[in-house]
Amino acid sequence: MSEALVETSQMAKEEASEPILILRGITKRFQGITALRQVDFDVRAGEVHVLFGENGAGKSTLINIIAGTFQPDEGAYRFDGLHLSHLTPHRARGAGICAVFQEFSLAPNLTVVENLFLGREIRRGGILDLATMRRRASDLIEELGFDLELDRQVGMLSRAHQQMVEIAKALLGEPRILILDEPTASLTEREAGRLFELVAALKARGVGIIYVSHRMREIRALADRITVLRDGQLVRTLEAAGVQDADLVELMTGRKIDGLFPTFDHKPGRVAIEVQGLSAARGAVCDVDFVAHAGEITGIAGLVGCGKSELVRAIYGLEQIEHGEIRLHDVAQNTLSPRHSLRRGVVYFPANRATEGLALARVVRENASMSSLDVREIARLGLLDTRNERSLVQQAVDRLKLRPPNLERPAGRLSGGNRQKVMLARGLMRDLSVFLFDEPTVGIDVGAKREVYDFMGRLLQAGAAVVVVSSELPEVLALSNRLYVMHHGRIVTQLEGSEKTEQNVLASFFRSEANAATGAAS
């Protein structure tokens, strides 16, 4: 080979390895708080670059800058060899930078196909070409292997199906850079597996992928490089090969964390919740018997869509009951609503913090106290005692280690883990004895998870009944004293002690599927 050809080949390799996206010295401030300080970050074509860090570390701020939602206060942004400034989400999408954020950006009153093409509708002669849009949407959904009905209103879909719409919407734009922010949080194992196949296919096409996740298994399976952020600053960027989980956690937190899950001292006492023959939520819950004791964590496991969330929502009064009975502390509940449940000592923490758990435009203080406005210490004679309200909320968020502990900061400006803490603060604002957690650690980091688990531990020590619904099988197995497994709206098994294993949970799924298939065949 001639020297000229060798030189040309070497130049091509160097050009191919040149990052498609380069950020240098990125700094971003919000009302005097520095969210990012002099951060360097780049993404190469055809790689998965994982962003790793605690909630509040600056990951969300960084990907919002990349997607054009925020403008950096300092630093340089270079994409595809060009310096960019004053980037907007529209310009970013036009350049091929597409994002799937943890908090969805869907129009709930529009259909799936209308959401996919929102802002990029196909027209012929000034008229919407609905047939072409439906065909392209159908082809994409089929390629993705997602179970989506094109004409269903997005607001009527489960969170898992809304996640699928968000992913499909991003891929419809044929991205050159794809940002995936906790993309598997609401997906089943099968759907997540399909997403991983898509990630591999996109890498092969030269798409650069920014992947935000706290799930170690996903990081090990997908990452080429990992960038760790802490307190808004770059800690280190390293090759993923050979990195140990413990090393990543230590880089992320700045401290060693011994064991992911704590060991709880369960002391089952009197029955706090008893459910008999319950059917609810338009068939999502079918003839369920369920018991939760004070002094223990009762877990509910199952695939997305199995009815586990609908069961605790029905207990709290958020789902209409078709038949059956719910007893709280041995008292039959004839009236079920969130207001009545709170007054009877029951609180529910929903899985979707953004749409159900918090009023994102309202400040921390108002979000923490909104479910306790009938408590005498806060409201007297119909008037709000703002001094007492502030004092009680401050005590609650201090116990939960909210960062920053600013009561007048809008909840929408907090990270996922800190939003969860604001929601949990409600459990410290009034006298409660039953705590219903629905996906309590979805989208939050290892350190924040431990703080949520510590909160549960303190509840147990106080003699509360704790119910945990989780799609994270290792989590619900580790936390619960007794575990119910749900499948297609029914309780299929109850596991305790040595029987409480991942193999037994999975076996119950397969037995249920086999029984259903046998029944259908006969």
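Me: Before anything else, what does buried mean here?
Reply: A residue is buried if its relative accessible area is under 20%, with a 1.4 Å probe and protein chains only. The model in question is predicted.

Me: And how much of the protein chain is buried?
Reply: Of the 522 residues in the protein chain, 52% are buried.

Me: How many helices and strands are there?
Reply: The protein chain has 18 helices and 24 strands. Its radius of gyration is 25 Å, close to the 24 Å from the globule rule for 522 residues, so the chain is as compact as a globular protein of that length.

Me: What about contacts between residues at least 6 apart in sequence?
Reply: Of those contacts, 68% join residues at least 24 apart.

Me: Turning to strand S1, which strands is it joined to by bridges?
Reply: Strand S1, residues 21-30, runs antiparallel to strand S2 (residues 33-43), with seven bridges between them. Five bridges join S1 to strand S4 (residues 74-79), also antiparallel.

Me: Which residues stand opposite each other?
Reply: Arginine 24 faces alanine 76 in S4, and arginine 29 has threonine 34 in S2 as its bridge partner.

Me: What is in the turn between S1 and S2?
Reply: The two strands form a hairpin with two residues between them, and glutamine 31 in the turn has a positive phi of about 50 degrees.

Me: Is S1 mostly covered or mostly uncovered?
Reply: Mostly covered, as seven of its 10 residues are buried.

Me: Now helix H10: how many of its residues are buried?
Reply: Seven of the nine residues in H10 (residues 308-316) are buried, among them Leu311, Arg313 and Tyr316. Glycine 317 follows the helix, with a positive phi near 105 degrees.

Conventions
Residues numbered from 1 in each chain as written. Predicted model: local features only at pLDDT ≥ 70, side-chain atom pairs only at ≥ 80, totals over all residues. Heavy atoms only, no water. Buried < 20%, exposed > 50% of the residue type's maximum accessible area, 1.4 Å probe, protein only. Helix = DSSP H or I, 4+ residues; strand = E, 2+ residues; numbered from the N terminus. Pairing = 2+ DSSP bridges. Rg over C-alpha atoms; globule rule 2.2 N^0.38 Å. Contact = heavy atoms within 4.5 Å.
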